[in-house]
Each structure stands twice: as structure tokens, then as C-alpha cells.
Amino acid sequence: MAKGEKHTQNVYRYGSRLLITAIISQPIYSVVFQSLSLNILYTLVLGLVMLRLVRHYSQLWQQLIITGLSAAVAESLGVEYGAYGIGVIFLMSLTDKLKPRVWLLCWCIFNFILLTLFIGNIFQHWAILAGFIVFQFNGKQGPRARWFYLFYPAHLIILGIINYLIHSRYSNPL
């Protein structure tokens with residue numbers, strides 16, 4: 001999201017595509033995961049808005065206030081990954097502003113504190129390793145990934161079918 005926001009030619013079209021895909025995908029997401037939370041695309045839309053607001057302020061304390069308010073909105077709306085997702089998007093936006101070692105230290109501290117104290121999902125701790133992969137990125141814009149807007153709802157449907165087949169097989173033994 002951080003690089004997509006930076007490289008997009010039209011942030012409104014980018015945000016609109018994300019929002020439309022989020023709306024289309026939400027019923028599928030809710031059924032497949034039996035969840036009332038909003039899917040990850042809503043987190044990305046909120047992250048996009050946050051990054052655009054942060055862009056208008058040069059002081060780190062101002063950016064942190066905007067990020068904190070966005071995190072609070074994410075939590076109150078019940079978007080997937082909530083405040084953690086917003087924090088990750090903000091940290092990713094700082095990769096070209098901070099020295100790599102400073103950024104990596106911030107990444108590890110952020111992930112360790114939030115994952116240990118608030119999320120508690122042991123599998124999510126692997127996210128700390130993502131920080132070591134980030135600096136392999138060459139900084140250049142990659143190919144457009146418009147296929148993603150079809151892929152996301154399609155993969156949710158596939159996951160739903162797999163879930164249905166697994167549960168129907170074990171709930172109706174021969």
C-alpha cells in the first residue's frame with residue numbers, strides 16, 4: 001500500500017478500485033470466515049487515506065497523531081488487522097525516510113510489542129521476518145497488478161468451496 005500510494009498516478013481511482021473490490025468481496029468474506037469484521041481491503045483503503053493525510057505534514061509527531069487516529073478508526077470499524085494493519089502501512093511508508101537499521105529496529109519493536117501484548121497469535125510473529133525482506137525491494141514501480149481486483153474475491157470463493165467440502169465431508173460420515 002505504501003508504495004502503491006506513492007507511485008499511483010490517480011489516488012482517487014486507486015482508492016475507488018480498492019473500495020469497490022472491498023464492497024464486492026465483503027459478503028463472500030463474511031460467509032467464508034463467518035466473521036463480522038471488514039475484510040483487509042477496507043484496511044488498505046483506510047491506510048491509503050491515512051498516507052495521503054500524512055503526506056501533508058512534515059513533522060513526525062503530526063504524522064504519528066494522524067496514524068494514531070487512523071488506527072483508532074480501524075479498531076472502531078472492525079477492519080481486519082485493525083490498528084496493527086494501519087501501523088504496518090505507516091511503517092512501510094517510512095522505508096525510504098529512515099536508515100535501514102533504524103527502520104528495522106522500529107519494525108521489530110512495533111511487531112514484538114503489538115503482537116505479544118495485543119494480538120497474541122503465535123503465527124503472526126513471523127511478520128517480524130518480513131522486515132528483513134523489505135530492503136530487497138529495488139524501489140522501482142513494478143507491473144500493474146489490476147488482476148488483483150479479480151483475484152481477491154475469486155480466491156475467497158475458492159476458500160469458501162474448500163471450507164464447504166471439508167466440513168460437509170466430516171459432518172456427513174458414510
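Just after H4, Gly 78 takes a positive phi of about 75 degrees.

Me: Before we start, what kind of model is this, and how are residues numbered?

Reply: This is a predicted model, where local features need pLDDT of at least 70, side-chain atom pairs count only at pLDDT 80 or more, and totals for chains, interfaces and linings use all residues. Residues are numbered from 1 along each chain as its sequence is written, and side-chain values use heavy atoms, with hydrogens and water left out.

Me: What counts as a helix?

Reply: Helices are DSSP runs of H or I, at least four residues, numbered from the N terminus.

Me: Which residues of H4 are buried?

Reply: Buried means under 20% relative accessible area, exposed over 50%, partly exposed in between (1.4 Å probe, protein chains only). In H4 the buried ones are Gln 63, Ile 66, Thr 67, Ser 70, Ala 71 and Ala 74. Seen down the axis of H4, they fall within an arc of 140 degrees, so they line one face of the helix. That arc is taken from the directions from the helix axis to the C-beta atoms. The face turned away from the buried side carries exposed Trp 61, Leu 69, Glu 75 and Ser 76.

Me: What do the buried residues of H4 pack against?

Reply: They pack against H3 and H5. Take Met 50, leaving aside its neighbours within four places in sequence. Met 50 is in contact (heavy atoms within 4.5 Å) with Ile 66, Thr 67, Ser 70, Ile 86, Ile 89 and Phe 90.

Me: How many residues does the largest nonpolar core have?

Reply: In soluble globular proteins, nonpolar side chains tend to be buried together. A nonpolar core is a set of buried Ala, Val, Leu, Ile, Met, Phe, Trp, Tyr and Cys residues joined through side-chain atoms within 4.5 Å. The largest one here has 36 residues. Met 50 and Trp 103 are among those with the most contacts inside it. H3 gives the largest share of this core, eight residues.

Me: Where is Gln 34, and is it buried or exposed?

Reply: Most residues other than glycine have a negative phi. Gln 34 has a positive one, near 45 degrees. Gln 34 sits in the loop between H2 and H3. At 73% relative accessibility, Gln 34 counts as exposed.

Key. Helices (H or I, at least four residues) and strands (E, at least two) are DSSP runs, numbered from the N terminus.
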